[in-house]
Amino acid sequence: MMTLLFHILAVLLMLGGVFFMLVGSIGLNRMPDFYTRSHAAGKVDTLGIMMFLAGMMVFEGWTINSAKLLLIIAFVALTSPVATHALTRRALLIGLKPWYRPKKDRGDSHAMAD
Amino acid sequence: MDIFFIIIAQVLCIILLIPFYRVIVGPTVFDRLLGATAIGSKIITIVLLIGFMFDRIDMFIDISLGYAILNFVGVIAMAKYFKTSARFCRL
């Protein structure tokens, strides 16, 4: 009974992780600019892989492999946003221009801000 | 549960093709690197799923951790490399 409960929790966590990875991949293609794309790849993808590895930890149980999976989760949570931030900072220093909405698409509230 | 792992691995292999499109047609170098990072984070989970299928998870966890470290170090090295060669990046 307890094993079945843990398996259901593991399957739910893995499906959530696959969903967030799919959302991050679609956002990597749909966004208009490098900076917005890095927003999709830096946060959503990290959440997806962390949920997936947490599901694997629940499936594995109390073993040494579970502790190693926790180590991978901590490493990914530390390094994946740092790598994305390093790329974005380098792009900004080199001189890649951010994307703005074209003038004709803007409404009245945006025209006031100009 | 083995059937579930195989189906999830197939779905991940299909999801992996979406950032691969960004790697091929990305306008700048940074888009391609971002797509490569996204592909690497999915490869980590696929390697772990293969470990669960073969019942050798203790070996495949170390391979996956090494892949995560290489993914991070590669991106940091690229970000330091483009400091000196800005005129080679097509913006």
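In chain A of this predicted model, 68% of the contacts between residues at least 6 apart in sequence join residues at least 24 apart. Chain A contains 4 helices and 0 strands, and the order along the sequence reads α-α-α-α. With a radius of gyration of 20 Å, well over the 13 Å that the globule rule gives for 114 residues, chain A is more spread out than a compact globule. Along the principal axes, the C-alpha atoms of chain A fill a box of roughly 60 × 30 × 20 Å. Of the 114 residues in chain A, 32% are buried.

Turning to the partner chain, 38 residues of chain B are in contact with 36 residues of chain A. On the chain B side, two or more residues each come from helix 1 (2–15), helix 2 (17–25), helix 3 (29–54) and helix 4 (57–84). This side of chain B comprises 27 nonpolar, 6 polar and 5 charged residues.

Within chain B, a helix pair is worth a look. The axes of helix 1 of chain B and helix 3 of chain B come within 10 Å and cross at roughly 160°. An angle over 145 degrees counts as roughly antiparallel, so helix 1 of chain B is roughly antiparallel to helix 3 of chain B. The crossing of these two helices is left-handed. Helix 1 of chain B contributes residues including B:Phe5, B:Ile6, B:Ala9 and B:Leu12 to the contact, while those from helix 3 of chain B include B:Thr45, B:Ile46, B:Leu49 and B:Phe52. By residue class, the contact between helix 1 and helix 3 of chain B divides into 11 nonpolar, 1 polar and 2 charged.

How values were computed:
Residues numbered from 1 in each chain as written. Chains lettered and ligands numbered in written order. Predicted model: local features only at pLDDT ≥ 70, side-chain atom pairs only at ≥ 80, totals over all residues. Contact = placed C-beta atoms within 7 Å. Nonpolar A, V, L, I, M, F, W, Y, C, P; charged D, E, K, R; others polar. Rg over C-alpha atoms; globule rule 2.2 N^0.38 Å. Buried ≥ 20, exposed ≤ 12 C-beta atoms within 10 Å, placed from the backbone. Axes fitted to C-alpha atoms, helices over the stretch in contact; angles between N-to-C directions. Parallel < 35°, antiparallel > 145°, perpendicular 65-115°, else oblique. Left-handed = near helix turned anticlockwise from the far one by under 90°.
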